[in-house]
Amino acid sequence: MGNSDIRDLPEVPQAGTLANRVYELALHSDFVDAEVCVRELGITREEAERTVRDLVDLRLLLSAHGCRATYVAVNPLSASLQLLAPYDEQLRSRQNELEQIRQQMHSLLPLYRANLPEEQSGPEIQRIDDLDTVRGVLGQLAEQCRTEVITSQPGGARDVGVLREAARRDREVLDRGVRMRTLYQHTARFDQPTREYVERISEGGAEVRTTTGGFQRAIVYDRSAAVIPLADNSRGALLVRDPDLVHFVAEAFEGSWDTADPFRPTYDRDEIRLVSDTLNRSLLRMLANGHDDKAIARRLGISPRTCQRRISELMHELGARTRLHAGVLIHQRGLLDEPVPATAG
C-alpha cells in the first residue's frame, strides 16, 4: 500500500450517517447499486455513488457476481482484516525500526558514561523555553542520576501521555537502584491513570505520598540539580545547579513530605473517604478566609468547575446565602475543628 496513511481512509459508518444507511440497505438487500440507493433512500445519484465508493474503499461492500456496479455487504470483521492488514504490517515495520534505533542509541551509553566529567559544566541557572528541550534535559538528568530523585507534582490528575512517558523513564531509574520519592495532592488519588502509574512505579520501589496543602512543582536529582517551572511560560522550565537554591527546593519538598500520607494505589473506601474529608476541610478553611475559586482550585489541585460545584454543595449544606455568610457560619459552628462530611466528594 506504499506510503498510504490511515488518516486518508473514509470515515467508518456511524449511526444516522448516510454511509450507515447505505450499508444497512445492503444488509437487507440481495445487492445494492447507485440506482437502488437513489430509489430506496431518496438521495441524489452523486451522493449514492460517493457513499458506495467510500464503503467499497472500506471493504464493507464487495462487487457482486463480478459486476463492478453492483455490490453486496461484507462482514465488518472480514472487512477490517482486509483493510488494515497492510497498515498493521507498516506499523510493525516502523516499530522494529524504532527499536533498532533505540538499541543503537543505548549502545552508546557506556561510551557516554566513561567520558562524563565529574563536575557538570554550564551555568548554575539556565532558562529553557522549549518543551521538547525540557524533556530532553529531564531524560539526561534521569540517566545521570545515581542516588535519589525527588519530585513534587501539584495539580491533581496528570496527562495520560505524560504519565506513560514518565513511567518508562522512572522504571529505568529505579532499576539502577536509585531512590525515588514523589509527592502529589490528594486529588490525584481519584484519577485512575495516575493510580495505575503509581502502582507501576511502586512495584519498582518508588515511594509516593499525597497531601492537601499547596506546594510548588519541582524535580531534584541527586541534590545537585533541580528543574522548576517558569512563571511566564507553562511549557518551559528553569534548570538550577546552584547548591543553595537546590538545597532550598529539596528542603521545601522534605517539609511537605513529612506531613503527607502514603499513596497506596489499591482502592480503599475508608481511605478515600478520609481524603475527601480532608479536602473538604481545606476547602472550608480557604472559603472562610475569603479565597476566590481560582485560588482554591489551584491549591487543592482540582478544576475550577469542580471547585465551584464543591463550594455550592457545601454552602447548601451550611444553609449559607452568600460566601461571606458561609464564612461566618463556618466559624460560628466550629466546623474547622471537627470532621467535615464528605458528601461533596
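1. D132 is found in helix α6 (residues 131-144); helices here are DSSP runs of H or I with at least four residues, numbered from the N terminus. At 55% relative accessibility, D132 counts as exposed, a class that requires over 50% relative accessible area (1.4 Å probe, protein chains only). D132 and R235 lie 103 residues apart in sequence, and their C-alpha atoms are 8.9 Å apart in space.

2. The model is a predicted one, in which local features need pLDDT of at least 70 and side-chain atom pairs count only at pLDDT 80 or more, whereas totals for chains, interfaces and linings use all residues. Residues are numbered from 1 along each chain as its sequence is written, and side-chain values use heavy atoms, with hydrogens and water left out.

3. The second largest pocket has a volume of about 820 Å³. A pocket is an open set of points on a 1 Å grid, where a 1.4 Å probe fits, with protein on both sides within 12 Å along at least five of seven lines; lining residues have an atom within 4 Å of a point. Its lining comprises 19 residues, of which H106, G139, Q140, E143 and E172 are the closest to the centre.

4. Helix α6 gives the most to this lining, with six residues. At least two residues each come from α4, α5 (109-114), α6 and α7 (160-175). By class, the lining holds nine charged, six nonpolar and four polar residues, Gly being counted as polar.

5. Helix α4 (residues 76-106) gives the most to a nonpolar patch, with three residues. L98 is located in helix α4.

Key. Buried means under 20% relative accessible area, exposed over 50%, partly exposed in between (1.4 Å probe, protein chains only). Grid points are joined across faces, edges and corners, and a volume is the space filled by probe spheres set on the points.
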